[in-house]
Amino acid sequence: MMDTRTAYEALIKEYKAVSTLGSIEGLLHWDLQTMMPRKGAVIRADQMAIISGLAHQKLTSDKVRDLLGTLNTAENTLSDEERANLREIDRDFTRATKLPQELVEELTRQRSKCHNVWEAAREAGDFSKFAPDLEKLVDLTKQQAECLGYEDTPLDALIDEYEPGATAASLTTMFNEAKKTTIPLLNKILGSAVKANFDFQKQTFPQPKQKAFGEEITTVIGFDKLGSRLDSAVHPFCSGGRGDIRITARYNEHAPQQAIFGIIHETGHGLYEQGVREDTLGTPLSQPLSYGLHESQSRMWENIIGRSLPFWKLSYPILTKYFGAELKGVSVEDWVLAINHVEQSFVRVEADELTYDLHIILRFEIERELFAGTISVADLPTVWNKKFEDYLGLTPPNNGKEGVMQDIHWAMGSFGYFPSYSVGNIAAAQFWAKMKEDMPKLEQQIETGDFKDILNWLIVNVHEQGRRYSRDDLMKRATGTPLDVKHYANYLTEKFTKLYRV
Ligand code: ZN
């Protein structure tokens, strides 16, 4: 019989190969979104299906099964970290073996196809062009949920992929609590006399200069230029890993703040990847604990730090170096008010910090009903518009970019993903409350461009931990308590009542 050490090392070797295949698939996906000509979609779908099939085969091989069997029964001499790796590889193996390879490949192919159809249908605002492929994808995803298993609703099986341990029921409770702060605060702000001035949007802010500013400011924060790159894409994202992080942005030449905060957001994701330990690369200890935790990093840099006055006391002189004429007469305080402007709006990715969660909660509730079978794909535009009126007081003018087809997620089959954005906001505020306790001079440090302590706190408490602990254990170790929405409620209330004098 193989000894524990040999078996563990063999298992890690197999798992690292699975991770490498995953990173190749990520690169193909990055290329699809940034560089690939539209007609490349057919061959790309086949390429991605082959790679994901290989990764699935490798992860679910008899060899991995036997090694897990040996390690799970043997007298265990593994360290705590190694035990965490073993537990998480076991989780991945168990989830993957529940899915027949045929279904995995069919899902990958349908996701690619759906993504391609979505782009054209979204452009035309024609939901009927998208519906048949989306319906097929929802059916396949329901099959996926059945294979994975769940207690309450199929959506739980999908949420578990992104937020291990969370359920539709627990998220509903947390989001209902968040709404108690968000909605009254929104109403107060809408009645406030404090109004931002957007005259600067009459100017043109050329894309290359926006990109150059983005690269400069993210370098100031501590993002490694030699280990990353920035390109354009329809839907901004971050992919890759430590040493080769790819972020993307979407530019608006009249509203530079859109790309600026998109870039800072994706950089927050990139910093998480940059912060993992090199000696754990390719193992679960180098992987993010959950999508919500990943989002906590992007949202912290984008919103909590990136939209604050101390951050712009540092960064506004850099911005005006690029756009001095365009921002003539706009003070740093005017700018900070403009970038924190709160309004009822149609597009999630352009939504402000406060109303963002309403966009998320609406999508989450639609997914909950779609997977419970109480609504169908054909109902989506109607249900979407109704909820939009209820929560945001607006009727979407179309089903495309300002309506039900605006997001890439459903076109990619990423159902159960949306709640992670709000989980991220809630976790970020909790980290921030603790960071302010641990670092009393935090705001002065930001103002002087000293991000060392902030980055270090995040690396030690979040990035380097990877999947070592459960979410609530990680939150407890970092902040003293499990995830608690109260810090987020306090943060929003304090920030916006001050800014809008309400
Ligand atoms: Zn994000």
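How many nonpolar, polar and charged residues are in the lining of the largest cavity? We will come to that after a word on the model. This is a predicted model, in which local features need pLDDT of at least 70 and side-chain atom pairs count only at pLDDT 80 or more, while totals for chains, interfaces and linings use all residues. Residues are numbered from 1 along each chain as its sequence is written, and side-chain values use heavy atoms, with hydrogens and water left out.

Back to the opening question. The lining of the largest cavity has two nonpolar, two polar and four charged residues. Here Ala, Val, Leu, Ile, Met, Phe, Trp, Tyr, Cys and Pro count as nonpolar, Asp, Glu, Lys and Arg as charged, and the others, Gly among them, as polar. You can find this lining at Arg 122, His 235, Arg 250, Val 347, Arg 348, Val 349, Gln 406 and Asp 407. The volume of the largest cavity is about 50 Å³, and the structure holds three cavities of 30 Å³ or more. On a 1 Å grid over the protein atoms alone, a cavity is a set of points where a 1.4 Å probe fits but cannot get out, whereas a pocket is an open set with protein on both sides within 12 Å along at least five of seven lines; lining residues have an atom within 4 Å of a point. Points are joined across faces, edges and corners, and a volume is the space filled by probe spheres set on them.

Next, an open space. The second largest pocket holds about 800 Å³. Among its 25 lining residues, Ser 308, Glu 443, Glu 494, Lys 495 and Lys 498 are the closest to its centre. Helices H11 (291-305), H12 (309-323), H13 (332-339), H16, H17 (442-447) and H20 (486-500) each supply at least two residues of this lining, and H20 gives the most, with seven. Helices (H or I, at least four residues) are DSSP runs, numbered from the N terminus. By class, the pocket lining has 12 nonpolar, five polar and eight charged residues.

H12 and H13 pack at an angle of about 110°, with their axes 10 Å apart; axes are lines fitted to C-alpha atoms, for helices over the stretch in contact, and angles run from 0 to 180 degrees between N-to-C directions. The two are therefore roughly perpendicular, a label for angles of 65 to 115 degrees, with under 35 counting as roughly parallel, over 145 as roughly antiparallel and the rest as oblique. Contact (heavy atoms within 4.5 Å) is made by Leu 309, Trp 312, Lys 313, Tyr 316 and Leu 319 of H12 and Val 332, Trp 335, Val 336 and Ile 339 of H13. These divide into eight nonpolar, no polar and one charged.

H16 (residues 419-438) has a partner too: H14 (residues 356-372) packs against H16 at about 140°, with axes 8 Å apart, which makes H14 oblique to H16. Tyr 356, Asp 357, Ile 360, Phe 364 and Glu 367 in H14 meet Pro 419, Tyr 421, Ser 422 and Asn 425 in H16.

Finally, look at H2 (residues 41-59) and H5 (residues 101-124), which pack at about 150° with axes 9 Å apart. That makes H2 roughly antiparallel to H5. The contact of H2 with H5 has five nonpolar, eight polar and three charged residues.
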